[in-house]
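Colleague: Walk me through this model, please. Keep it brisk.

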Amino acid sequence: LATCNLQLATRNSQLATCNLQLATRNLQLATCNLQLSFQLLSRRTFHYRISYGTIRLKRLLEWTIHAVSISSDSIALQIFLAFFTTVLFSFEKILSDKEQFEWYQRYSDIRHIFSKYLNHEDRILVVGCGNSKMSKEMYDDGYSNLKNLDFSEVVIAQMSQYEPQMIWEVMDVTDLKYANGSFDAVVAKGTLDAVLCSGLGDQKRMMEEIYRVLSDKGMLIAVSFGLPEKRRQMFDEPNLRWHTKVHTVPKPSIEKNYFSKEPKNSFHHIYVCQKFGGVDDEDVVRK
């Protein structure tokens with residue numbers, strides 16, 4: 001009987017350990033994705049990003065809570081509660097900030113890359129513009145033939161009031177209301193990551209719409225934290241012909257220090273995609 005009880009206790013201990021390992025693994029997954037959501041749900045683009053990020057965030061929290069519930073170890077619960085409290089505090093801090101903040105890159109830090117591929121007379125579309133300063137800074141830098149769109153009516157109304165000399169439109173990037181070949185360049189700073197974060201599979205439709213409204217040899221410039229081995233596959237759809245180059249730039253110090261100490265996560269990647277690919281690297285520069 002003592003041997004049987006010992007075996008039963010050992011089995012229960014193994015089961016508890018297994019459940020705790022599962023909870024830890026799910027917490028790590030949730031941490032990674034919630035950090036991604038936190039990065040995307042910045043105050044400057046909150047109204048746009050929340051429409052894509054909330055569904056994914058809700059699913060992740062449900063999975064994590066389930067993982068904690070099956071574990072008999074209260075340490076897992078303490079870890080989860082501590083992490084979730086940190087996330088909520090961070091969201092509250094972002095939303096209470098009334099100043100514009102550039103989560104990805106300031107225009108001044110990537111201007112040298114933009115100027116390599118864009119002409120001042122180009123017809124440029126900025127998708128998922130939010131209330132970032134980038135569009136205004138590009139406009140002041142000579143890119144006056146520029147349109148901005150965002151999913152959020154609140155953001156567009158705000159920016160139309162702040163910068164009435166510019167064009168601001170409410171529109172879904174997966175359902176653009178422009179004719180084929182309407183633009184020479186599309187700029188998407190963080191927008192691709194936001195759509196991917198939704199988990200709704202809209203990234204393919206987004207890429208198809210951007211491809212459609214670009215002119216022949218038009219450019220997509222997408223600023224992303226996604227590593228090339230993960231993002232390049234998005235430009236390899238059989239019906240979309242892109243020639244893609246990647247530029248790597250250091251993250252702003254506040255992002256780099258907050259989110260990760262790993263060297264590979266200390267950079268943003270700027271994907272420059274030219275419609276109708278298959279040309280030499282030198283030909284990507286239309287100027």
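Modeller: Some terms to begin. Two strands pair if DSSP finds at least two bridges between them. Strands (E, at least two residues) and helices (H or I, at least four) are DSSP runs, numbered from the N terminus. Residues are numbered from 1 along each chain as its sequence is written, and side-chain values use heavy atoms, without hydrogens and water. This is a predicted model: local features need pLDDT of at least 70, side-chain atom pairs count only at pLDDT 80 or more, and totals for chains, interfaces and linings use all residues.

Colleague: Which residue in β7 stands opposite Ala-222?

Modeller: β5 (residues 214–224) pairs with β7 (residues 267–275) in the antiparallel sense, over six bridges. In β7, the residue opposite Ala-222 is Tyr-271.

Colleague: How many of the 11 residues of β5 are buried?

Modeller: Buried means under 20% relative accessible area, and exposed over 50%, with partly exposed in between (1.4 Å probe, protein chains only). β5 is largely enclosed by the rest of the structure, because its buried residues number nine.

Colleague: Which residues are exposed on the other side of α4?

Modeller: In α4 (residues 107–117), Tyr-107, Ile-110, Ile-113, Phe-114 and Tyr-117 are buried. They cover an arc of only 120° around the axis (taken from the directions from the helix axis to the C-beta atoms), so they sit on the same side of α4. On the other side, the exposed residues are Ser-108 and His-112.
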